[in-house]
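User: Hi! I am new to protein structures and would like to learn how to read a sheet and a pocket. Could you walk me through one?

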Amino acid sequence: MTQVQDDRRCFACGPENPHGLQMAFEYGEGTARCVVTPKRHLSGWSAVMHGGIVATLLDEAMAHAAISLGLRAVTARIEVRFRKATPMDGLLVVEGKVRNRRGRVLELTSELRDQSGAVFAQAHGRFVTEP
């Protein structure tokens, strides 16, 4: 297995990746939260965020929820439920939560919403921690 290392160039959260999302998280106990400002180059259809970017936001929030517990984990499985199109105007909030841990396997959830609480997408994932 490849060693998981942070080179600060992650597409989602790497501060040294000029083409990435540069997500910055606030942490709780088993939670991670990030406010996202959509950028035009992340759109799919006009004024709608690309679904792959939505999935990336949800995946990264779950990974950072694991980090909030001092764990490095990689995605083993993710299921995304798109509730409605994610608009490109206004701030978005993505939050991840650790729901359960069994050995090296974590079960997590995440949600993408606007600041008023309208939900655009949700995810459930299983992540595996380093041995």
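**Reading the sheet and a pocket**

Analyst: Happy to! β5 and β6 pair in the antiparallel sense over 9 bridges. Two strands pair if DSSP finds at least two bridges between them, and strands (E, at least two residues) and helices (H or I, at least four residues) are DSSP runs, numbered from the N terminus. This is a predicted model: local features need pLDDT of at least 70, side-chain atom pairs count only at pLDDT 80 or more, and totals for chains, interfaces and linings use all residues. Residues are numbered from 1 along each chain as its sequence is written, and side-chain values use heavy atoms, with hydrogens and water left out.

User: Which residue in β6 is the bridge partner of Leu106?

Analyst: Leu106 has Phe127 as its bridge partner in β6. In the hairpin of β5 and β6, 4 residues sit between the strands, and Gly117 takes a positive phi near 105°.

User: In what order do the 6 strands form the open sheet?

Analyst: The order is β1-β2-β4-β5-β6-β3, with antiparallel pairing. β1 (26–28) and β3 are at the edges with a single partner strand each, so one side of each has no neighbour in the sheet. On average, neighbouring strands are turned by 20° against each other, direction ignored. For such angles, axes are lines fitted to C-alpha atoms, for helices over the stretch in contact, and angles run from 0 to 180 degrees between N-to-C directions.

User: Which elements line the second largest pocket?

Analyst: First, the idea: on a 1 Å grid over the protein atoms alone, a pocket is an open set of points where a 1.4 Å probe fits, with protein on both sides within 12 Å along at least five of seven lines; lining residues have an atom within 4 Å of a point. Here, 13 residues line the second largest pocket, and Thr109, Ser110, Glu111, Gln122 and Ala123 lie nearest its centre. The elements giving two or more residues to this lining are β3 (73–82), β4 (92–102), β5 (105–114) and β6 (119–129). The largest share, 4 residues, comes from β5.
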